[in-house]
Amino acid sequence: MTRPSLTLRGTDRSDRIYRGILTGLALALPALILIILGVLFVGALPALRRFGPSFLWTSTWDPVAEIYGAAPMIFGTIASSILALVIAVPLALSVAIFLTEFSPRWLRQPVAFVIELLAAIPSVVYGTWGIFVLIPFLRNNVVPPLKAVLGWTPFFQGVFYGNSLLAGGIILAIMIVPYIAAVSREVLLAVPSSQREAALAMGATRWEAVRSAVLPYGRAGLIGGVILGLGRALGETMAVTMLIGNRHDIGFSVFQPAYTMAAAIANEFSEATTHLYLSALFEVGLILFVLTVVVNAIARFLIWRVARGRAVGSRAL
Amino acid sequence: MNRVLRRQITSRFMTALVIGLSFVAVLTLVLILGNLVLKGASSLDWAFFTKSPVPAGQTGGGVANAIVGTGIVVGLAALIGVPFGVGAGLYLAEYGGGRLGFLVRFIADVLNGTPSIVIGIVGWTFVVRPTSRFSALAGSVALAILMIPMLARTTEEIVRLVPHSLREAALALGYARWRTSLRIVARTALGGIVTGCLVGVARIAGETAPLLFTALGNLNFSVHVTQPMQTLSLQIYVYATGPFEEWHRLAWASALVLMGLVLIISLAARWVTRERYGSVR
């Protein structure tokens, strides 16, 4: 039988030990972000020394001549992410508005669940689906009408390659919809119903209430959700690698192949034969990491203002 | 009158648009799952699950090596990642009110959005480079790093759901804080914590990017963690992007198996939490 301790000293010490252990485990996270940054920076040093800032705007990537520039990948990363946002934002906002404003009660859970499942599909499965289903569909049913209507603009010119900015952008869009929808739904749920009621009482139609009272109230959080989706799109690797065509080239037509930073690392890292080649890929990783950390940090600040530190969107819906 | 009518029509139109776009989003999932089943199910037979791949160009063979490999790589990753993730989550729930708590929480959320390919570089740097050999262990390290921030946040959320009165009762009975935290709070939330771990496992089981240059892939059956190892995700990548019809068939089947695996774990996890915390969310 254990003797009940009459003083608090004994338990005090074990409490401190317990707290110390937990604190140590929690400190793993700040340590991790520093370790990642350190690893990437040290690995990138040779390339940083050799090319300086011109790495960012040089568009040559020539392992034979040992000249590396990341401009085409940076361009492709941003272009595919923007394309994805253009497609995903209307879809995701619609889902969020539908779930919070228009849906009958019995339909809410099933729809939310289906959207959540979209986030559970592994990236490589999206890629497989994209190669065998999405690209043939685009080639047969989407590209011809797009060309007929918008073929005169620089964005829809040239031959459709299959693996292209368009295919990569669409698959990215499908993949980020659940994240944006999850955050947006939480944000809209946090809008007090008095906002809606006030608008309706003033004689607003249902849509006008949403547009003029609900959406503006949650604006910061909604923007945060979109930026969070952007962060996901920037760093997404497998599906994009399988669909975007992987060509070091800057072109404005969405029908042409492009390249992203993540795809370049995925394709070339294990084949990088020289020291400088590997270092250039580390620098690409460094740029990608810093970019996504900044984007995610902005998104978190905006979302936290609404959701008060809850883990909204860390997991979809 | 005309104005009112126009506003009504706009409202109707926008409502229809919102519903239509939501329908499109739901339809995508149905299409993807439908295609997986249609194209993958016919290839699932006994040989698929029990045989290793045959040389390229031949027909037949299975993905037994990849299924076992996924289990080993992911299991090892969970062994490394779970203590850190759950510990950090407990810290956030129990002592996370201060500045350090804020910082850790923020970093966890930011890391949750970090590209997994970058984490692969970290695994490569710490395991592959010093041992100068690709290995399952390197892949597990990368996946464990991916898991930690995810687990920290889910654990925190779940532990916070434990009613305060339970904690107060234990403290009032003279329990020490650490004992209250472990025996009462964590114990009560155990089901939820396990669920969170399962969801984390499901997420990393589908990861491919961080394994490309760590676990690398292996066409033969291997259970040595210091050797390259195949996983389902890597196998799908190779088969789907390869030139052979037979490979494409196997890619679909493997994708169906991986999807099924991830779905079953997620659904089970969801079911368990709904039983317990259904009223909260």
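Analyst: A definition to begin with: helices (H or I, at least four residues) and strands (E, at least two) are DSSP runs, numbered from the N terminus. This is a predicted model, so local features need pLDDT of at least 70, side-chain atom pairs count only at pLDDT 80 or more, and totals for chains, interfaces and linings use all residues. Residues are numbered from 1 along each chain as its sequence is written, while chains are lettered from A and ligands numbered from 1 in the order in which they are written.

User: How many helices and strands are there in chain A?

Analyst: Read along the sequence, chain A goes α-β-β-α-α-α-α-α-α-α-α-α-α. Its C-alpha atoms fill a box of roughly 80 × 60 × 35 Å along the principal axes. The tally for chain A is 11 helices and two strands.

User: And what does the secondary structure of chain B come to?

Analyst: Going along chain B, the pattern is α-α-α-α-α-α-α-α-α-α-α. The C-alpha trace of chain B spans about 70 × 70 × 35 Å along its principal axes. So much for the outline; the secondary structure of chain B comes to 11 helices and zero strands.

User: What percentage of the residues in chain B is buried?

Analyst: A residue is buried if 20 or more other C-beta atoms lie within 10 Å of its own, exposed if 12 or fewer, and partly exposed in between, with C-beta atoms placed from the backbone. In chain A, 52% of the 317 residues are buried. For the 281 residues of chain B, the figure is 51%.

User: Why is helix 8 of chain A described as largely enclosed by the rest of the structure?

Analyst: Helix 8 (residues 219–235) of chain A has 17 residues and reaches 25 Å from its first C-alpha to its last, close to the expected 24 Å. That expected span is 1.5 Å times one less than the number of residues. Helix 8 of chain A counts as largely enclosed because its buried residues number 14 of the 17.

User: Which residue class is charged with how many members on the side of chain B that touches chain A?

Analyst: Contact here takes C-beta atoms, placed from the backbone, within 7 Å, and 79 residues of chain B touch 75 residues of chain A that way. Helix 1 of chain B gives the most to that side, with 17 residues. For classes, Ala, Val, Leu, Ile, Met, Phe, Trp, Tyr, Cys and Pro count as nonpolar, Asp, Glu, Lys and Arg as charged, and the others, Gly among them, as polar. The side of chain B has 50 nonpolar and 22 polar residues, and the charged ones number seven.

User: At what angle do helix 7 of chain A and helix 1 of chain B pack?

Analyst: Axes are lines fitted to C-alpha atoms, for helices over the stretch in contact, and angles run from 0 to 180 degrees between N-to-C directions. Under 35 degrees is roughly parallel, over 145 roughly antiparallel, 65 to 115 roughly perpendicular, and the rest oblique. Helix 7 (residues 206–217) of chain A and helix 1 (residues 2–40) of chain B have axes 7 Å apart and pack at about 75°. That makes helix 7 of chain A, relative to helix 1 of chain B, roughly perpendicular.

User: Which residues of helix 3 of chain B meet helix 4 of chain B?

Analyst: Helix 3 (residues 64–95) and helix 4 (residues 99–112) of chain B pack at about 140°, with axes 10 Å apart. That makes helix 3 of chain B oblique to helix 4 of chain B. Helix 4 of chain B brings B:Gly101, B:Val104 and B:Arg105, and helix 3 of chain B brings B:Ala88, B:Leu92 and B:Tyr95.

User: Is A:Asn246 buried or exposed?

Analyst: A:Asn246 has a positive phi of about 50° although it is not a glycine. A:Asn246 is found in the loop between helix 9 (238–243) and helix 10 (261–268) of chain A. With 22 other C-beta atoms within 10 Å, A:Asn246 is buried.

User: And A:Glu66, buried or exposed?

Analyst: A:Glu66 also isn't a glycine, yet has a positive phi of about 60°. A:Glu66 lies in the loop between strand 1 (61–62) and strand 2 (67–68) of chain A. With 12 C-beta neighbours inside 10 Å, A:Glu66 counts as exposed.

Methods
Two residues are in contact if their C-beta atoms, placed from the backbone, lie within 7 Å.
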